[in-house]
Amino acid sequence: MLSHLECARCGREHDADAVQNLCHECASPLLARYDLTRVRRPNDDNSLWRYRDVLPVRDPDPAFSLGEGMTPLVPLPALSRELDAKILMKDESLVPTGSFKARGAAVGVARARELGIEGIKMPTNGNAGAAWALYAARAGLRSVIAMPEDAPLITREEVEASGAELRIVPGTIADAGKAIADVDLFDASTLREPYRIEGKKTMGYEIVEQLGWRVPDVIVYPTGGGVGLIGIHKALLEMRELGWIDGELPRLVAVQSTGCAPIVRAFDGGRAESAFWDDAYTSAFGINVPKPLGDFIILRAIAETGGTAIAVTDEQIEADRAECARREGVFLCPEGAATISAVRDLRRSGWLGARDEVVVLNTGAGIKYPAVRL
């Protein structure tokens, strides 16, 4: 039931059926809007396409899906006892390509094909490029992917296996973006196309449905580009407008590393946008984003839900990753482990209470990071 695209900053409406990246007026990200009066409850499809009425693909092809979505919401009893908190993990390690990026790729590529786009380009810290390259291959689209030389080797191999053109560059994802400036293909990088966020927002729909159509108290999200956090917030607002949930929304927590924390610094300083983080580095490579394009949307979502932003050290991330594997039998990706570190710190400070129900996002499979030390 896609209606139109709306600029996240100036509110200007754009034609949803035109091939567009950013707002023509202010060069800000566009968000998909729907005719919610025509939205029905989810169907029985065991994938994210069960929410097709609030997804932008007008005529989804069942044969295109790889079964992305509907990941489990898993209690973490040992860590809950240790931290005196009620912790549930949304485990995105089980989706195709081994990370939550498959959600955005599935919807984004399906919509690109529907709009007649012949190929995509994007910079990536690894997992997004792997997901988009593989889904593009499934759709018969060309893809050019650039990633920093420190990106996980497995994600590089996924891109190469897909037949995509891969460019490896020194530096960060910002440098990877510059490396594909010469490529004349549709730019599918974070928030430069309107539809990746629509796939990511299904995490929010699933969390609420899996809890029996109620919301948790807190959702903790590892934040680089922040599309997942923005998407979850968008899903919550849509569900409230639909009447599927009521009351206060969950407090959203953006987790970053002390080695790259532009959102945390902006939040602590009371600013509406972030500043570029020089010399960014973290072993939680997926959140090594020096300045997210959607920083103002992330900060707005945190503020509107009474949430917070917190930075944790790489040493703590590695310790919590190892502890979660030993005590819960769950091998988190480094970004997922950062959410446990954040819960630890927020519980210690009293920001989280013992009765708070907390959902943390494990955004990928731990086995995709063999070079990260435990």
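The legends below describe close-up views of a predicted model.

**View 1. Surroundings of L361.** When neighbours within four places in sequence are left aside, L361 is in contact with K90 and E92, with M203 and I207, with I219, V220, Y221 and P222, and also with I232, G336 and T339.

**View 2. The crossing of helices α11 and α12.** The axes of α11, spanning residues 314–328, and α12, spanning residues 334–349, come within 8 Å and cross at roughly 100 degrees; the two helices are therefore roughly perpendicular to each other. On the α11 side the contact is made by Q316, I317, D320, R321 and E323, and on the α12 side by P334, A337, A338, I340, S341 and R344. Sorted by class, the residues of this contact are five nonpolar, two polar and four charged.

**View 3. L346 in helix α12.** L346 has a relative accessible area of 6%, under the 20% limit, and is therefore buried. Leaving aside neighbours within four places in sequence, the residues in contact with L346 are V253, T308, I310, W351 and L352. One of these, V253, is 93 residues away from L346 along the chain, and the C-alpha atoms of the two are separated by 9.9 Å.

Key:
Residues are numbered from 1 along each chain as its sequence is written. This is a predicted model: local features need pLDDT of at least 70, side-chain atom pairs count only at pLDDT 80 or more; totals for chains, interfaces and linings use all residues. Side-chain values use heavy atoms; hydrogens and water are left out. Contact means heavy atoms within 4.5 Å. Axes are lines fitted to C-alpha atoms, for helices over the stretch in contact, and angles run from 0 to 180 degrees between N-to-C directions. Helices (H or I, at least four residues) and strands (E, at least two) are DSSP runs, numbered from the N terminus. Angles under 35 degrees count as roughly parallel, over 145 as roughly antiparallel, 65 to 115 as roughly perpendicular and the rest as oblique. Ala, Val, Leu, Ile, Met, Phe, Trp, Tyr, Cys and Pro count as nonpolar, Asp, Glu, Lys and Arg as charged, and the others, Gly among them, as polar. Buried means under 20% relative accessible area, exposed over 50%, partly exposed in between (1.4 Å probe, protein chains only).
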